[in-house]
Structure formats: structure tokens, C-alpha cells
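Open the model in your viewer and keep the selection tool at hand.

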Amino acid sequence: MFFEIDERLLALSRQAEAEIRPVLERLDQTTEYNQQKMLRAFIDNRVSESHFAASTGYGYGDRGRDTLDAVLAQALGAQDALIRHNFVSGTHALTVALFGVLRPGQTMLCVTGAPYDTLQEVIGITGQGGGSLREWGVTYRQVELTAQGKPDLPAIREACRTADMVYIQRSRGYHLRPSLTVAEIGELASLVKEAHPGVIVAVDNCYGEFVEETEPCQAGADLIVGSLIKNPGGGIARTGGYIAGRHDLVEKCAYRLTTPGTGREIGATLNMNRELFMGLFHAPHVTGEALKTAVFAAALFEKLGYEVSPGVEEKRGDIIEIVRMGNERALVAFIQGMQKGAPVDSFVVPEPWDMPGYENQVIMAAGAFTLGASIELSADAPLREPYAAYMQGGVNYHSGKTGVLLGAQSMLEQNILVL
Ligand SMILES: *Cc1c(COP(=O)(O)O)cnc(C)c1O
């Protein structure tokens, strides 16, 4: 129609789509559940147009800001929440949570192997100090995942006895391990709380929001953190993040975000409330669209003979889909093709570059309305074995699907695909 896509690819695409119909229907059921949950939260908290008004200066008494916190808390099944445009990234929100809750002399234990790349300098695993948790006197330890990429329960039971915080990363990040489901996070939370009552269970919830019908706080997590340019921003929020969970812990985080004493009482929202409300409202639906795009990509690339993860039928804990491209040429062709299907910057040709905070060179397809927004269709790939493309997002399935097809088309044009 509007794109030149090989007829054989289109035929495969139709076949793939027919096969995944039951999966897409199941995803729709989850989306409907989560969207109704969100609507309920808006109604219960009496969201009104007056909440969109901008505050300036100190931002005292900003009712929109306070109401948005309450809506998010309800939607995530948490006691309390802090959602702010002032969080400059997911890493910043996580940093505020870690520094807000941990104290010198305490120990943070990551039980899902090495944490997300950008967190490593925050903790002080890498880097020169520069204000890291380590410099601050917080000890860090981690429990490696098993060979299957699952949490090592016996080792965790032992290690958590001397930890003050157990840290869980729900999403796979740039790793090949599977994401954790909420049920698995729940098992971990019960296990560590039985072994060491009083330990704080914190979850990096990035990419996980609204993928399932429950969230980690409903399964025993004390604190969860995420980014608004991923799922909970609904593709509309231009910046921001959130922290949600136990009231006393969220308060501590508020004191770290602003100042001890003032906490959440201040912070001008300028003109951001309306878009944060709107993005949050759309988040369950948009997350559903991203999941459909991921399942379509899994089905198509499986048909093309590639190893994908998760598989079409596999239970998902995040919106990421991995396609193992096997070599640099295939990877680069795919990323460059996907870029051609972006609504913004479609004419740009992505090249590998040294992205700050990451160890290997990275190539990315990102043609988004919001710079770096990975709830919009995007794919990142570190240039290292097995040359896997980590793709995610797609604020609407039809456009997302087109982007995936253009990725495959680009591989076909470079004689990488055998059809
Ligand atoms: C995106 C992400 C973060 C935060 O990254 P930012 O780029 O700082 O927003 C942290 N952990 C995981 C697993 C993520 O996917």
C-alpha cells in the first residue's frame, strides 16, 4: 500500500498474524482489565480539569500533583506514590529511591545478577566514586542468576540475612535472561521476608507496568520505581518518573527528591500535570499495543528462522522482545530498516556509537516524538555476541507492526534473509 514490502514477507506476516490471534486476544483481556482499573482510579480520585492548572515557584498546594500521586498509587496497588516530571530519567528515580531509603553502613543486595548498566555507577560497582552509594558508605552485594537466568533462591535466602535492602530488576535490560513475572517477584519477596523480616524489597519496575494484571507492590514489594518515557507515561509524558510503595518509604524518597522537611509539599508542576494525567490514563492501552507489537515481531522472526525471546506463547513480564540476529550485518540492517518506519526521523540512518554509561558500542532505532522514549517503537542493540536486537514499544500496533516489517524488508534487500 504505502510501503514497498516484498510480497513473500507480507504473506509470512499474514500467516504470523493469524497464528498469534489467540495470544493477541489474551493480551486484549489484560489491557481491558488494566484500563478499567485506571479509569476507576481516575474516578475514585475525582480527577477534574482544575487539576491541570499549572503551579509555579514553590508549588505549594498543587492539588493536581497530589491527586496524580493518589491515582498512580491506586493504579499500581500501592499505599503511596510520587510521580514527578522532576525525575529526569528512570535512573534518577531509582537513585532517589536508593539514596532516600538506604543509610550509611547498610547493605544493598541485588538478587537478579548485575543491575541495569546505568545503575552500576550509582551503586559504585563501576566508575570513580563521584557520589555513589559506595562512597556514601553503603555496601553492595549481588547474587548471580542461575544458568537458566532465574533467581538463585537458596543463595538468596542465605545472602539476604545480612542485607537491609533486597533489590530486584523485573525487566531483562540488556541481558538475555527472561524478565520476572509478578508471581516470581512475589515468591522472592516472601522468601526474603521470611528469612529476614524487616528487609526492604525494592523493584526496578521499568518496562513492567501494566504488562500483567497486578504489580509488584501487590505481591509483597515495598518500593517500585519506573520511568515515564516507558510504559506509565503512555507515550505522552515527555519526561519524568515515579516511585511507589509503602507510605513511610515513599515519604523518605520525597525528602531526598526535594529536601528533608519540605518533601512532597513543594515542586512546581509548571504545565506538566495535564500530560502526566493523560499519559497515565492511556498507559494500560499503550502498553497493550507495545505487547502486541512484540508478539508480532516474535512470530514473524521465528518464521524467518531466528531465535526470539520471549517466544510467542511465553508469559511476559516486560515489553521487550529479543531477536538474535547472529551477526553485525543482520543486526545493523534490521535496525536501519526499522528506523525507516518511524514517524519522526525516518530518513536518518542509525550507526553504532559509544553511548555514555554503556560498555559496548550500541546501535539504536529510535524515531520518537520524545527523545529516548522506548514506549515508542525502538530497538537497541549492543554490538556484542549474539548480536541481539532488543526491541520494545509501539504506541499503536498497526504502526509498530509496519516498523517491524520494514526491519525485515531491509534485511531482505541486503540478501540476509532466505525466503
Ligand atoms: C530504562 C531502564 C532503567 C532506567 O533507565 P533510564 O534510561 O535512566 O530511564 C533502569 N532499569 C531498567 C531495567 C530499564 O529498562
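A polar contact is a pair of N or O atoms within 3.5 Å; within protein, one must be able to donate a hydrogen and the other to accept it, and residues adjacent in sequence count only if both atoms are side-chain atoms. This is a predicted model: local features need pLDDT of at least 70, side-chain atom pairs count only at pLDDT 80 or more, and totals for chains, interfaces and linings use all residues. Numbering runs from 1 along each chain as its sequence is written, and side-chain values use heavy atoms, without hydrogens or water.

**Stop 1: the ligand**

Select lysine 230. An N or O atom of its side chain lies 2.8 Å from an oxygen atom of the ligand. Next, pick threonine 91: a polar side-chain atom there is 2.5 Å from a ligand oxygen. At glycine 90, a polar backbone atom is 2.8 Å from an oxygen of the ligand. Taken alone, the ligand exposes 380 Å², and the protein buries 89% of that (accessible area by Shrake-Rupley, 1.4 Å probe).

Now show the shell, meaning residues with a heavy atom within 4 Å. Among its members are Ser89, Tyr116, Gln169, Cys206 and Tyr207. Helix 4 (residues 90–101) gives the most to this shell, 3 residues (helices are DSSP runs of H or I, at least four residues; strands are E, at least two).

**Stop 2: the largest pocket**

The ligand takes up the space of the largest pocket. On a 1 Å grid over the protein atoms alone, a pocket is an open set of points with protein on both sides within 12 Å along at least five of seven lines; a cavity is a set where a 1.4 Å probe fits but cannot get out; lining residues have an atom within 4 Å of a point. A molecule sits in one if more than half of its atoms lie within 2 Å of its grid points.

The pocket holds about 1,100 Å³. Its lining has 44 residues; select Ile229, Met355, Tyr358, Met364 and Gly372, which lie nearest its centre.

**Stop 3: the cavities**

How many cavities of 30 Å³ or more does a search of the whole structure find? There are 2.

Finish at the second largest cavity, about 30 Å³. Leu94 and Asp204 are among its lining residues, and both also belong to the shell around the ligand.

Key
Points joined across faces, edges and corners; volume = space filled by probe spheres on them.
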